[in-house]
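I opened this entry to keep a record of what I looked up in one protein structure. The order is overall counts, then single residues, then pairs and packing.

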Amino acid sequence: MRTILITGPGGSGRSTIAAATAQAAAGTGTRTLLLGADRGDTLGAALGVVTGAAPVEAAENLTAWRPDATESFRADLTAFQDRASTALELLGAARLDAEELTPLPGAEELALLRALRDAALSEAYDLLVVDLPPTPHALALLALPEELRRYLRRLLPAERQAARALRPVLGRLAGVPMPSEWLYDTAGRWDVELAAVEAVLADRHTSVRLVAEPGPAGAEAVRAAGLALALRGLRPDVLVANRVLPESVEDTWLAGLNAQQRKTLDEWQGTYDVRHVPHLGHDPRGTDDLTALAVPGVDAAGSAVEWPVTDRLAEDGVLVWGIPLPGAIRDELDLVRRGDELVVTVGRFRRIVPLPSALRRCTVAGAALREGELRIRFAPDPDLWPQGR
């Protein structure tokens with residue numbers, strides 16, 4: 001299944017572009033699901049139908065769905081209380097009834113990720129179009145599965161589960177209660193669910209589509225988004241320049257805005273596959289307006305980003321790990337090796353990535369940023385590197 005994740009700065013019209021993309025694909029006979037996370041029905045306003053917690057048929061071959069974060073949160077917390085009932089009773093804690101539960105911040109994102117996973121596994125659709133939140137929140141959402149899995153591995157390492165028979169003895173020796181079986185079971189279930197979401201995001205048939213209005217603010221937002229996506233191993237397949245004015249504008253005020261748009265479009269052309277979507281002169285509403293936008297189609301190929309390890313042992317005595325970071329600035333880069341992980345910081349974005357197996361037996365020998373690629377050199381550690389290599 002092909003998956004397109006659509007995001008952009010707030011106010012860029014990303015929901016409208018997502019609706020138009022899904023409608024255009026459905027018009028070609030592609031079974032399409034349009035997912036949204038906004039509390040307001042922005043997708044429904046664009047499509048001309050009401051969308052909500054239950055999937056609705058917006059057109060032939062087109063289903064629209066906004067998962068209900070409230071019900072998902074209530075179900076999860078109620079199930080957690082059931083499993084932890086013994087511990088809650090020992091603490092004297094009072095259970096929370098489902099009726100008094102309201103979603104915490106982040107519940108919408110978790111509900112969207114779960115719906116994304118379920119849709120991908122259902123095999124009921126050929127294309128999944130996801131209207132992500134505005135770019136800063138979308139980037140945090142895309143990072144969530146990997147980061148939560150890392151937290152689970154650190155807090156409840158899988159190897160400790162092998163000592164289940166010894167936990168009562170260890171608890172008496174340590175004088176503190178050991179984690180219960182349900183806690184490990186819950187962590188294991190969460191890990192499986194998060195891994196499924198992570199697999200969808202990392203699939204070669206999943207791509208990100210950026211939507212921005214050309215101009216100074218849009219240009220800065222696109223630069224930051226492209227850099228953050230590259231750090232996550234993602235690359236925009238298309239940059240949709242939304243609300244583009246006609247080239248010939250007689251009005252003096254609009255002529256200035258048009259010149260500003262053309263300057264930004266020229267800057268984008270060298271880096272992205274830029275597609276223009278015209279300004280209709282009003283907010284698009286309904287199928288006719290969405291068709292008039294003439295959004296770019298959906299290609300069959302994905303846009304996975306490779307982080308290759310190049311063997312230069314014979315020439316320079318090092319292995320080189322290449323990490324594409326287009327738009328990165330040397331002064332904003334920071335690297336920290338911590339055990340078998342590398343902490344990469346680029347401006348305000350950070351990612352902790354596990355080292356490839358070969359590099360775990362090496363020491364960091366240096367790094368350089370050249371032509372938008374971070375190249376980290378690793379020298380084999382004689383105490384760990386196989387003899388005779």
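My notes on the structure follow.

**Basis.** I am working with a predicted model, in which local features need pLDDT of at least 70, side-chain atom pairs count only at pLDDT 80 or more, and totals for chains, interfaces and linings use all residues. Residues are numbered from 1 along each chain as its sequence is written, and side-chain values use heavy atoms, with hydrogens and water left out.

**Overall counts.** I looked up the secondary structure and found twelve helices and 15 strands. Helices (H or I, at least four residues) and strands (E, at least two) are DSSP runs, numbered from the N terminus. The protein has 389 residues, and 42% of them are buried. For burial I use relative accessible area: buried is under 20%, exposed is over 50%, and partly exposed is in between, with a 1.4 Å probe and protein chains only. I then turned to contacts, meaning heavy atoms within 4.5 Å. Of the contacts with a separation of 6 or more, 68% join residues 24 or more positions apart.

**Positive phi.** Most residues other than glycine have a negative phi. I noted two residues with a positive value. Glu123 has a phi near 60° and is not a glycine. I placed Glu123 in the loop between α5 (107-122) and β5 (127-131), and its relative accessible area of 65% makes it exposed. Ala294, also not a glycine, has a positive phi of about 50°. Ala294 sits in the loop between α11 (286-292) and β9 (309-312), and it is exposed at a relative accessible area of 54%.

**Aromatic pair.** How many aromatic pairs does the structure hold? I found one. Trp307 and Trp321 form this pair, which is edge-to-face, with 5.9 Å centre to centre and 65° between the planes. The rule I applied is that rings of Phe, Tyr and Trp (its six-membered ring) pair if their centres lie within 6.5 Å; planes under 30 degrees apart count as stacked, over 60 as edge-to-face and the rest as tilted. Trp307 is in the loop between α11 and β9 and Trp321 is in strand β10 (residues 318-324), so the pair ties together parts 14 residues apart in sequence. I also checked burial, and both Trp307 and Trp321 are buried.

**Helix packing.** I took α5 and helix α6 (residues 135-155) next: their axes come within 10 Å and cross at roughly 80°. Axes are lines fitted to C-alpha atoms, for helices over the stretch in contact, and angles run from 0 to 180 degrees between N-to-C directions. I therefore record α5 and α6 as roughly perpendicular to each other; angles under 35 degrees count as roughly parallel, over 145 as roughly antiparallel, 65 to 115 as roughly perpendicular and the rest as oblique. From α5 the contact uses Glu109, Leu110, Leu112 and Leu113, and from α6 it uses Leu141, Leu144, Pro145 and Leu148. The residues of this contact of α5 with α6 are seven nonpolar, no polar and one charged. In this count Ala, Val, Leu, Ile, Met, Phe, Trp, Tyr, Cys and Pro are nonpolar, Asp, Glu, Lys and Arg are charged, and the others, Gly among them, are polar.

**Helix α1.** Is Arg14 buried or exposed? Arg14 is buried, at a relative accessible area of 8%, and it is found in helix α1 (residues 14-27). Beyond its neighbours within four places in sequence, Arg14 has contacts that include Ile6, Asp38, Asp131 and Val211. Ala20 lies in helix α1 as well and is buried at 2%. With residues up to four places away not counted, Ala20 touches Leu290, Leu293 and Val295. I also noted that the C-alpha atoms of Ala20 and Asp289 are 8.7 Å apart, across 269 residues in sequence.

Thr51 is in the loop between α2 (42-47) and β3 (56-59) and is buried at 5%. Leaving aside neighbours within four places, I list Asp41, Gly44, Val56, Ala64 and Arg66 as contacts of Thr51. Thr63 is in strand β4 and counts as buried at 16% relative accessibility.
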